Amino acid sequence: MEVRVENGGSYEVGKSGWGKSLPVPSIQEIMRSDSQLVPQRYIHENKDWPIISEDLADSLEIPVIDFSFLAKGDEDEVQKLHLACKDWGFFQVINHGVKEEILDKMKAAVAAFFELPFQEKKKYAKAENEIEGYGQNFVVSEHQKLDWSDMIYLFTLPSQNRNFKFWPLSLPGFKEALEEYSREMQKIAEELQANFSVLMGLKRDGLKRLQGGELKQGIRMNYYPICSRPDLVLGISPHSDGTSFTLLLQDDDVTGLQIKHNEDWVPVKPIPNSLVVNIGDATEIQSNGMYKSIEHRAVTNEKKPRISIATFMFPDDEQEIGPVETMIDDQNHPKLYRNIKYVDYVREKFSRKMEGKAHTQFAKLRTTTNH
């Protein structure tokens, strides 16, 4: 049985202006009918992925930032943030002030959506030419390998960007849980953006001004079914995010996220009720390469399905992004990236499958060398 998410996209740019994605089967539904099956199109050939040993993984913990200190302007914590962004591009945030109840409600709402019958979920399937809705994104060819996950992606802020035809409004509590969670993520994002701004030599509102106002927000909710051969598949292929930055709420019980650090894949062990933050391509460009957007991926397991919730923060479509003047020094730190309208960058990203850091190469200035 092949279960296809209908209206999954076509070859034109849609209303969001960001791109399109081809329709694909729902892996959750395939697993419901045969949990031992691993369809050929999901088998990734790169079986030599370097994964660090468990001993080394235990000693390599990604940085932890105490948000309560950061919000008070604690200089040591700001310095920790700088090093986390520079050396890792990823960090976990604790003491962020979001009530556990709000996080639990959000997780429950996402779990309830993916537990709906397939015919019900199909009502929210990605429309033609859209990236928003239920299905998968970054599918640009009938032949590319697929990821072992289903997702629903919704634009959440500003509120006028919401397209409620993709929201499962008949699911009790979903809209309320998402709206409340979205507001809390926006508050954290504003404080993080203000700190990034200061670290780039600007005033606290410097990046906000440069980006023409508050960051926009979209939330991607992912479902990773169990897999009988997790060594053959990927929950999400290696990629960096095309965002300013991303806030991820992980499943507390299942480790699935891995990040690339010094050419090894490091598992990110969940700290209960924490958020994982990663630098996106837009911040790499604005910081002139000081802070790197890092490749990451998700893996699956045989025992337990996993849910994750990624909140993407990004500039306005029409905003031009480029290295900020304070991060350019012609002698020591020449300009590495060209200025580009954000929507043009995102269109380029959505025109490809997920493939590591290929997208940031698109924005880099070509350097000339004498031979």
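Start by selecting I102, L103, M106, K107, A109, V110, F113 and F114: these are the buried residues of helix 5. Look down the axis and you'll find that they cover an arc of only 155°, which puts them on the same side of helix 5. Keep in mind as you click around that this is a predicted model.

Now show the whole of helix 5, residues 100-115.

Next stop: helix 7, which runs over residues 174-199. Pick out S197 there. Is S197 buried or exposed? Its relative accessibility is 0%, so S197 counts as buried.

With S197 still selected, bring up what surrounds it. Leaving aside neighbours within four places in sequence, S197 is in contact with L202, K203, R204, D205, G206 and L207. Zoom in on G206 from that list: its backbone nitrogen lies 3.2 Å from a polar atom of the S197 side chain.

Finally, zoom out to the whole protein. Colour by secondary structure and you'll have eleven helices and 14 strands to look at. Buried residues make up 57% of the 371 residues. If you draw the contacts with a separation of 6 or more, 76% of them link residues 24 or more positions apart.

How values were computed: Residues are numbered from 1 along each chain as its sequence is written. This is a predicted model: local features need pLDDT of at least 70, side-chain atom pairs count only at pLDDT 80 or more; totals for chains, interfaces and linings use all residues. Side-chain values use heavy atoms; hydrogens and water are left out. Helices (H or I, at least four residues) and strands (E, at least two) are DSSP runs, numbered from the N terminus. Buried means under 20% relative accessible area, exposed over 50%, partly exposed in between (1.4 Å probe, protein chains only). A polar contact is a pair of N or O atoms within 3.5 Å; within protein, one must be able to donate a hydrogen and the other to accept it, and residues adjacent in sequence count only if both atoms are side-chain atoms. Contact means heavy atoms within 4.5 Å. The expected span of a helix is 1.5 Å times one less than its number of residues. The arc is that of the directions from the helix axis to the C-beta atoms.
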